[in-house]
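Welcome! Please take a look at the model shown here, and then we can walk through it together.

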Amino acid sequence: MSWPVAKARALGHAGKYDEGLTEVKAAAATARTTGYEPVIAEATALMGDLHRHREQPELARAAYEEALYAGIAARYDVQHTIALVGLLGVWGMHFNDTEAA
């Protein structure tokens, strides 16, 4: 895990979601410029977690999807599994029409 991602994770654990998002967005942008998929996967999965905590399901879904594909591309099984679980959680909690089920 990169230092900026670890810092963002710590901020999220402390309930400082906005600050964590600022840090992790910067880390993801840097990772995207380098094309280093493992850090892209870690950063975007964390971004999904932070958006989910802020009740922003659309942003969380987009971040988890990017993390999923980056994890698969990097063959980073743990990280792509984390992204998939996050994505399933967002779909189940926010996009599922339980009234019609």
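## Before we start

Two residues are in contact when they have heavy atoms within 4.5 Å of each other. Helices (H or I, at least four residues) and strands (E, at least two) are DSSP runs, numbered from the N terminus.

This is a predicted model, in which local features need pLDDT of at least 70 and side-chain atom pairs count only at pLDDT 80 or more, while totals for chains, interfaces and linings use all residues. Residues are numbered from 1 along each chain as its sequence is written, and side-chain values use heavy atoms, with hydrogens and water left out.

## Helices H4 and H5

Let us begin with a pair of helices. Two packed helices are described by the angle between their axes and the distance between the axes. Axes here are lines fitted to C-alpha atoms, for helices over the stretch in contact, and angles run from 0 to 180 degrees between N-to-C directions. Helix H4 covers residues 57–74 and helix H5 covers residues 77–94; they pack at about 155°, and their axes are 8 Å apart. That makes H4 roughly antiparallel to H5. For such labels, angles under 35 degrees count as roughly parallel, over 145 as roughly antiparallel, 65 to 115 as roughly perpendicular and the rest as oblique. H4 and H5 cross in a left-handed way; a crossing is left-handed if the near helix is turned anticlockwise from the far one by less than a right angle, and right-handed if clockwise.

Which residues of H4 and H5 meet? From H4 come Pro-57, Ala-60, Arg-61, Tyr-64, Glu-65, Ala-67, Leu-68, Gly-71 and Ile-72, and from H5 come His-80, Ala-83, Leu-84, Gly-86, Leu-87, Val-90, Trp-91 and His-94. Sorted by class, this contact of H4 with H5 has 11 nonpolar, four polar and two charged residues. In this sorting, Ala, Val, Leu, Ile, Met, Phe, Trp, Tyr, Cys and Pro count as nonpolar, Asp, Glu, Lys and Arg as charged, and the others, Gly among them, as polar.

## Helix H1 and its partners

Now turn to the other end of the numbering. H1 and H2 pack at an angle of about 165°, with 8 Å between their axes. H1 and H2 are therefore roughly antiparallel to each other, and H1 passes H2 in a left-handed crossing. On the H1 side, the contact is made by Pro-4, Val-5, Lys-7, Ala-8, Leu-11 and Gly-12, and on the H2 side by Tyr-17, Glu-19, Gly-20, Glu-23, Val-24 and Ala-27. By class, the contact of H1 with H2 has seven nonpolar, two polar and three charged residues.

With H3, helix H1 packs at about 15°, and the axes are 10 Å apart. That makes H1 roughly parallel to H3. Their crossing is left-handed. Here Val-5, Ala-8, Arg-9 and Gly-12 of H1 meet Val-39, Glu-42, Ala-43, Leu-46 and Leu-50 of H3. The contact of H1 with H3 has six nonpolar, one polar and two charged residues.

## The nonpolar cores

In soluble globular proteins, nonpolar side chains tend to be buried together. A nonpolar core is a set of buried Ala, Val, Leu, Ile, Met, Phe, Trp, Tyr and Cys residues joined through side-chain atoms within 4.5 Å. Buried means under 20% relative accessible area, exposed over 50%, and partly exposed in between (1.4 Å probe, protein chains only).

How many residues does the largest nonpolar core have? There are 16, and those with the most contacts inside it are Val-5, Leu-21, Val-24, Ala-43, Leu-46, Met-47 and Leu-50. H1 (3–13), H2 (17–34), H3 (37–53) and H4 each supply at least two residues of this core, and H3 gives the most, with seven residues. Another core lies apart from it, with eight residues, including Ala-60, Ala-83, Leu-87 and Val-90.

## A few residues to look up

Gln-79 sits in helix H5. Is Gln-79 buried or exposed? Gln-79 is buried, with a relative accessible area of 6%. Leaving aside neighbours within four places in sequence, Gln-79 is in contact with Ala-41, Glu-42 and Ala-45.

Glu-55, in the loop between H3 and H4, has a positive phi of about 60° although it is not a glycine. Glu-55 counts as exposed, at 58% relative accessibility. Arg-75 lies in the loop between H4 and H5; its phi is near 60°, a positive value in a residue other than glycine. Arg-75 is exposed, with a relative accessible area of 75%.
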